[in-house]
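Reader: Hey, can you walk me through this one? I'd like to go through the contacts and the fold.

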Amino acid sequence: MISFDSEPFAYSTDPPPPGGWYPNESEVVIPARLSGDDQAFDLLLFGPGPDVDDYAILRAGGTPTAVPWSSNSFPVPVIGRFDGDDLERDIAYLYQPGTDASVALVASGGMVSVLTDVPQQLGFTYPLAAPYRGTDFPDDIVWFDPQAAVIRTWRLGSGVLNILDTAIVAQGELGLAPGENIPAIGDFNGDGRADIMWHGVSNLPAGLLDITDVLWLSQSTPEALAFDTVPKAVGRSYRPFVGDFDGDAIDDIFWHRSWGMTAEGPSVTTTGASFAWFFDQAGGHEAKAFTLPSDSSPYVGDFDADGCHDIAWFDAVADSLTVWRCLPQERDFDCGSPFSTPPNTAPVGVHWGF
C-alpha cells in the first residue's frame, strides 16, 4: 500500500524577492540536481521573457534557498549532466533556436552563474539529452531537425559543454520517416546506455500513410555515438511514459491513450485501451493492455522505493490522485484508492526526456 504525507515546502531568501511571495503564476518549474546533491532535487523556476522572475531553489544542506537569476529571453531549457568534470550535477543549457545567444546556467556554492561562452545550436531542432554512452560519461545531446530531416549529435567531454565532436546523418538512415515523430528516452535493453523509442504519429487524417515506429538501441562507445535500429509498431497515437514497471532493471514504456474528451463526454472515435510495453535484454517487448477508469494525467515514479515504478493518475477536475502500485516481476498493478490533492494545483512531473 502507498500513502502520502503532505507538508509545506518553505523557500527562504535574504533579502526577500521584490514583491514578496513567489513564484508568480507564469514560471515553469523544472526539477534538476543543479547543486550536485544526489539526495534531493533542486528546482529551476524559469519565467520566459522579461516580465517574469527567475529563481533557482537550491536544496544543498537541507534548507531550500531561493537564488535569483535573470533571463529576459525565451530559451528552451535543456537539462543534463553537461559538466564532464562533475557528473553529479546538472547544467541548464538555455537554448535559443535560430540565434547565437544560447547560454548555460551553472550552480556552485549556493550561487548561480550564467556562462555565455558556450557552443551554439543555430537550427530549430528538438534537443534530446541523455547518457547514451552510459553514466560514466557526460550526457550527450541528440538534436532532431525534422525540417531538414537530419539528426545532429554533440558528444561532450571534460568541462562544461565541451564538445569533443559533432556528427550529422539523414533521419531516414536511422529509420525515421518524414512527419511527426515523438521520442521516449530510456534504457530499453538494460545495458546502462540510454536508448530512444520513436513513435510516428498517425498521419491518416492528413491523407498520409501511417509512420513507422522505430527503436534506437545505443551502441555508443567513449569515442562515438551510434545506434542500432529496431522496427516497432505502436499504432494510432499515444503519449509515452518511461519507467521500470516490472522491476527487472530494464526500462519499459506505458503508452497512454487519452479519452479524447468532448463537450458530450469521451469521444468514441479516440477512446481505447492504453498499453504497457515490457522490454527485455534484446530490445524486444511484451505488450499488455490496460483500461483507464477516467481521463487523468499520468505521473511516473517509484513512490514506495521497491525498485519498480508506479503510476499516479492525476484528475484535475476532481482534485484527486489515484496510484497504481507496480507489482514487481508480475507485470501488473495494484490499483489503489484516490487521494485528495490541493485544489488548483498539479504535481511537478519528473520524466527522462521532454
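Reader: Which ring does arginine 33 lie over, and at what distance from the ring centre?

Author: Arginine 33 is over the face of phenylalanine 41, 4.3 Å from the ring centre. Keep in mind that this is a predicted model.

Reader: And arginine 257, which ring is its charged end over?

Author: That would be tyrosine 238, with the charged end of arginine 257 at 5.4 Å from the centre of the ring.

Reader: OK, rings on rings then. How many aromatic pairs does a search of the whole structure find?

Author: The search turns up 23 aromatic pairs. One of them is phenylalanine 254 with tryptophan 313, an edge-to-face pair with 5.7 Å centre to centre and 70 degrees between the planes.

Reader: Where do phenylalanine 254 and tryptophan 313 sit in the chain?

Author: In distant parts of it: phenylalanine 254 belongs to strand β18 (residues 252-256) and tryptophan 313 to strand β24 (residues 310-315), 59 residues apart.

Reader: Is phenylalanine 254 buried or exposed? And tryptophan 313, buried or exposed?

Author: Phenylalanine 254 has 0% relative accessibility, so it counts as buried. Tryptophan 313 is buried as well, with a relative accessible area of 5%.

Reader: Which residues do ring pairs link into a cluster?

Author: Tyr126, Tyr132, Phe144, Trp198, Trp216 and Phe227 are joined that way.

Reader: Why does serine 320 count as buried?

Author: Its relative accessibility is 14%, and the cut-off for buried is under 20%.

Reader: Zooming out, how many helices and strands are in the protein?

Author: Zero helices and 26 strands. The protein has 354 residues, and 45% of them count as buried.

Reader: What share of the contacts between residues at least 6 apart in sequence join residues at least 24 apart?

Author: 45% of those contacts do.

Reader: Now the sheets. In what order do the four strands of the open sheet come?

Author: The order is β5-β6-β7-β8, with antiparallel pairing. β5 (76-80) and β8 (111-115) are the edge strands, each with a single partner, so one side of each has no neighbour in the sheet. From one strand to the next, the twist averages 25 degrees.

Reader: How many bridges join β7 to β8?

Author: Five, between β8 and strand β7 (residues 103-108), and the two run antiparallel. For instance, alanine 104 has leucine 115 in β8 as its bridge partner.

Reader: What about β21 and β22, what do they form?

Author: A hairpin, with five residues between the strands; glycine 283 in the turn has a positive phi of about 85 degrees. Residues 274-279 make up β21 and residues 285-290 make up β22, and six bridges pair them in the antiparallel sense. Phenylalanine 278 is opposite glutamate 286 in β22.

Reader: Last thing, confidence. What's the mean pLDDT of the protein?

Author: The mean is 86, and 86% of the residues reach 70 or more. Over residues 350-354 the pLDDT is below 50, though that stretch has 20 contacts in the model beyond near neighbours in sequence.

Key
Residues numbered from 1 in each chain as written. Predicted model: local features only at pLDDT ≥ 70, side-chain atom pairs only at ≥ 80, totals over all residues. Heavy atoms only, no water. Pairing = 2+ DSSP bridges. Axes fitted to C-alpha atoms, helices over the stretch in contact; angles between N-to-C directions. pLDDT = per-residue confidence, 0-100. Contact = heavy atoms within 4.5 Å. Phe/Tyr/Trp six-rings, centres within 6.5 Å; stacked < 30°, edge-to-face > 60°. Buried < 20%, exposed > 50% of the residue type's maximum accessible area, 1.4 Å probe, protein only. Lys NZ or Arg CZ within 6 Å of the ring centre and 35° of its normal.
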